[in-house]
Amino acid sequence: MAESYQNIAIRKNLISKETVLVPKKTFGSVPINVALVYPNTYTIGMSNLGLHSIFYQVNSRDDALCHRAFFSLKNSIDDYINTLEADKPINEYDIIGFSISFELDYINILKILDTMGIPLSSKERQGPLIMAGGPALTCNPEPLADFIDFFVIGEGEEIIHEIIEIYREHKSSSKDEILEALAQIEGVYVPQFCNVDYDETENVADIKTHPKAQMPVKRRWIKNLDDYNTESVILTPYTEFKNMFLLEVSRGCGRNCRFCMAGYCYRVPRQRSLDKVLERAEYGARFMQKIGLVGAAVSDYPFIDKLAEELIKSRIKFSVSSLRADSLREPLMAALAYSGHKTLTVAPEAGSERLRKVINKGISEEHVVNAAKLARKFGIKNLKLYYIIGLPYEKNEDIDEMIEFLVALKNTFKNSYSNLTISINPFIPKPFTPFQWIGMEDIKSLNEKIKLIQNKLKPHGIKVIFESPRMSEIQAGLARGNRHTAKLLYEIYKNGATNSAFSKTKIDGKGLEFYAHREIDKKAVLPWEHINIGLSKAYFLGEYNRATNGQPTEKCTEEKCQKCRICQIK
């Protein structure tokens, strides 16, 4: 199989437009060659800071190199998956590492391996070694357990060095011996060393583990963000952030939003020092027109006002990845306006004050109105609000309250904004959240709610965009799946991985929709329970009960431990 002329031309064009801020290495010039593969398009992958970070960490070593590959350089799967840097097939590398951000990309993993003639089953494969990581897999790696040799559970900047050192030491050993050695690293999960049986309801009946495997597998996280630069290391015009140097200012969130997996997966909340952020921003400004500040909620960064003032003083324009309406203040808004920010984006999430208490969002309608007033004051003309429908305990009255508020908001600011846009996403229950036991709402009901919202808001000139409930159902099924889901994913792939295959493929009468909508008994062993992210099952049950009663949980910070006590775990 040969690479097409079209792909060669695209590859050369992409490389010619890139500015690479790390030393370039030739394939085979070092003992260990790693192909870092993003299972989606080049444009999406190069917008992902996690990919940049691992690429930098591996290439900072004298004994290893990292080259990149993508599921597609444009919009469909390529006929050959070669690395950009060397134009080499990924199966010629020692380790293939998948950087995975979305459950919907799982099927692309199978397509990539199969396209390159690599056996899909880990047990049937001798090489190359396949690893994978990312937030979704940290919380539940089981739907890919049949295909991946080992997973990185948690954050990768530190652990990737330990993995390479172990691999270098055991490179000439058998695959099983290498995996046994890797399994000794805290944060490495080798699924073949953990055998799981399920009962007829798909609950875990029994788990048997290899004597050398560490169970449960403990999540790795970076204690001091200043020790690692998480920022753009390859600049390209072919990304969503083509004119920005991306720079992470914080990681983790202590807001305790009960629907948000990332809020628990990346706990504890950590921040880079102001001096460090300013230093890296000044570095990035040498290359790009604007700095993109990245964090769970950039307006929550404790030094955000001072940072905004210092950046503008240095004539450095910037944008932000996320804002909270309740922590938005004038210095930041003024700086965003100066930087050419066109749209204020905030996320009330739930439609009513009552439901925001259930999910512990901590934002009121007044916060949203005040944020809109600030935007108007500084000449920002577009307003975008994110909502989730189908949340636990949602009632029709919550949807009505959302519609009433949005119409009132539009009327209040009718001469102030060019566009008011509402983005609607169906609620997807995720592992390691207080709602992990609750099934997703049925698609018919979700579609009816979307249609109602559209019909009610359209006459007022409010634009409504939404994520497909069907695609959300697939995502939910993969997020809450187990090893039977891995077998289901394989059958879906064999059946063509079409929309029809996702809908019709079943094993023992169960398709992905079963895993998306099923209610899990609170006493059952969860499919992901052998992963230890640092928070106990009792903690999540407590938060579930607080949600049921509409009770808030106070915000926690790095300095102020409130409820979960993860900060005290060494």
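The model is predicted: local features require pLDDT of at least 70 and side-chain atom pairs pLDDT 80 or more, whereas totals for chains, interfaces and linings use all residues. Residues are numbered from 1 along each chain as its sequence is written, and side-chain values use heavy atoms, with hydrogens and water left out.

**The cores**

Select I90, F98 and L144. Of the 77 residues in the largest nonpolar core, these three touch the most other members. A nonpolar core is a set of buried Ala, Val, Leu, Ile, Met, Phe, Trp, Tyr and Cys residues joined through side-chain atoms within 4.5 Å. Here buried denotes under 20% relative accessible area, exposed over 50%, and partly exposed the range in between (1.4 Å probe, protein chains only). Next, display helix α4 (residues 106-115), which gives the most to this core, with six residues. Helices (H or I, at least four residues) and strands (E, at least two) are DSSP runs, numbered from the N terminus.

Centre the view on I90. Neighbours within four places in sequence aside, I90 is in contact (heavy atoms within 4.5 Å) with A35, V37, A69, I81, T83, I96, I112 and M116. Apart from this core lies another, of 63 residues; A375, I380, M402 and I428 are among them.

**A surface patch**

Turn to I44, F102, L104 and M471, which make a nonpolar surface patch of about 300 Å². Patches consist of residues with over 30% relative accessible area and no salt bridge; like charges are joined within 9 Å, and nonpolar side chains (Val, Leu, Ile, Met, Phe, Trp, Tyr) within 5 Å. A salt bridge is a side-chain nitrogen of Lys or Arg within 4 Å of a carboxyl oxygen of Asp or Glu. Accessible areas come from the Shrake-Rupley method with a 1.4 Å probe, and for residues only the protein chains shown count as cover. M471 belongs to helix α16 (residues 469-479) and is partly exposed, at a relative accessible area of 32%.

**Backbone stops**

Select M215 and P216: the peptide bond from M215 to P216 is cis, with omega near -5°. P216 sits in the loop between β9 (204-209) and β10 (217-218). Proceed to R267 and V268, where the peptide bond is again cis, with omega near 20°. The loop between α8 (261-265) and β14 (270-271) holds V268.

Finally, inspect N360, in the loop between α12 (353-359) and α13 (365-377). Its phi is near 65°, a positive value in a residue other than glycine, and N360 counts as buried at 7% relative accessibility. D508, in the loop between α18 (499-504) and α19 (512-517), has a positive phi near 55° and counts as exposed at 73% relative accessibility.
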